[in-house]
Amino acid sequence: MTREAAPALDLDAYLARIGWSGERRPTAAVLRSVHRAHALGIPFENVDPVLGTVPSLDLPALEAKLVRGGRGGYCYEHNSLLAAALRALGFEVTLLAARVQLGAAPGDVRPRTHMLMLVRVEGEPDPYLADVGFGAIGSLLEPIALVADAELHDAPRRHRLVHPPHDGPLELWQLQARAGDGEWQAQYAFTVEPFEAPDFEVINWHIATNPRSPFAHRLYVQRTTEDAHLALAGRALTVTPADGGAREERTLADRAEVERVLAGLFAVRLPEGARLPE
């Protein structure tokens with residue numbers, strides 16, 4: 001029996017969606033600019049799990065939703081789509097999984113549920129960590145070289161990778177983001193053990209359906225622009241200016257206002273006929 005070839009990404013449509021144009025070569029400059037364009041061009045959202053649906057990670061479904069459908073997604077969708085685009089551009093991509101540490105209490109050990117990737121660029125001495133699916137203000141806007149203690153200024157943000165204490169056989173990496181007070185905050189930790197698409201099918205199902213998963217029952221939407229970071233958690237809306245100005249916070253009145261803000265401020269369309277829970 002002949003195995004069917006995997007569907008190919010419509011690279012033209014993807015690049016148009018993120019507003020990127022340039023020479024399509026697997027260089028470090030292209031990696032940085034495509035990564036940034038994706039991070040600024042497609043919002044983070046978990047509407048499907050909140051509506052009781054497990055998001056598909058199949059490439060045609062990702063294209064229909066994130067590229068053509070006026071939607072965003074969460075980490076598995078974003079990074080699966082970016083990985084397909086980078087491979088189409090000629091990059092070597094390895095999928096990884098991380099333990100989210102942001103917001104964890106001291107001593108907490110969370111499961112590896114966050115998807116990210118290593119990207120190798122021919123001629124570069126070190127691979128790059130790429131990740132456009134971390135729904136937080138400390139997320140990467142540009143890829144960071146896998147070099148300990150080297151700081152990345154992906155303006156207006158700053159990041160670095162460090163080696164925290166670790167007892168395992170593989171070297172542990174921790175991504176940190178510099179907060180407004182100058183302190184470095186841990187975002188997540190990972191090793192470079194490769195993960196495959198079936199691994200993330202299982203993790204995706206768990207995150208979308210487990211009653212203890214925050215993504216299964218509470219709306220989380222993020223959008224980064226050149227001017228600000230926008231975040232919606234339930235009905236709590238936060239706007240953080242990129243220039244360090246005062247953060248604005250307010251609570252949306254009801255479901256109708258949430259849906260208006262989704263369509264306007266976040267540029268997220270709800271599925272046809274869908275209504276968010278009250």
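Predicted model: local features only at pLDDT ≥ 70, side-chain atom pairs only at ≥ 80, totals over all residues.
Residues are numbered from 1 along each chain as its sequence is written, and side-chain values use heavy atoms, with hydrogens and water left out.

Let us start with Glu45, which sits in strand 1 (residues 44-45). Helices (H or I, at least four residues) and strands (E, at least two) are DSSP runs, numbered from the N terminus. With a relative accessibility of 1%, Glu45 counts as buried; the word means under 20% relative accessible area, with exposed over 50% and partly exposed in between (1.4 Å probe, protein chains only). The Glu45 side chain makes a polar contact with the side chain of Arg71 at 2.7 Å. Such a contact is a pair of N or O atoms within 3.5 Å; within protein, one must be able to donate a hydrogen and the other to accept it, and residues adjacent in sequence count only if both atoms are side-chain atoms. Leaving aside residues up to four places away in sequence, Glu45 touches Lys65, Arg71, Gly72, Gly73, Tyr74, Tyr220, Val221 and Val268, where contact means heavy atoms within 4.5 Å.

**Salt bridges**

The structure holds 14 salt bridges, each being a side-chain nitrogen of Lys or Arg within 4 Å of a carboxyl oxygen of Asp or Glu. Here are some of them.

| Pair | Closest N to O |
|---|---|
| Arg36 and Glu226 | 3.6 Å |
| Glu257 and Arg250 | 2.9 Å |

Arg36 belongs to helix 2 (residues 28-41) and Glu142 to the loop between strand 4 and strand 5, 106 residues apart. Both Arg36 and Glu142 are buried. Glu226 lies in the loop between strand 10 (220-224) and strand 11 (228-233), so its pair with Arg36 of helix 2 ties together parts that are 190 residues apart in sequence. Glu226 is exposed, at a relative accessible area of 51%. In the remaining pair of the table, Glu257 is buried at 15% relative accessibility, and Arg250 is partly exposed at 43%. Elsewhere, salt bridges that share partners join Glu45, Asp48, Lys65, Arg71 and Glu77 into one network.

**Aromatic pairs**

Rings of Phe, Tyr and Trp (its six-membered ring) pair if their centres lie within 6.5 Å; planes under 30 degrees apart count as stacked, over 60 as edge-to-face and the rest as tilted. The count by this rule is 8 aromatic pairs. Phe134 and Tyr188 make an edge-to-face pair, 5.1 Å centre to centre with 85 degrees between the planes. Both of these residues, Phe134 and Tyr188, are buried. The pair of Phe195 and Phe200 is tilted, because the ring centres are 5.9 Å apart and the planes stand at 40 degrees. Phe195 and Phe200 are also part of one aromatic cluster with Phe44, Tyr74, Tyr76, Phe215 and Tyr220.

**Helix 4 against helix 5**

Finally, Leu59, Leu62, Lys65, Leu66 and Val67 of helix 4 meet Glu77, His78, Ser80, Leu81 and Ala84 of helix 5.
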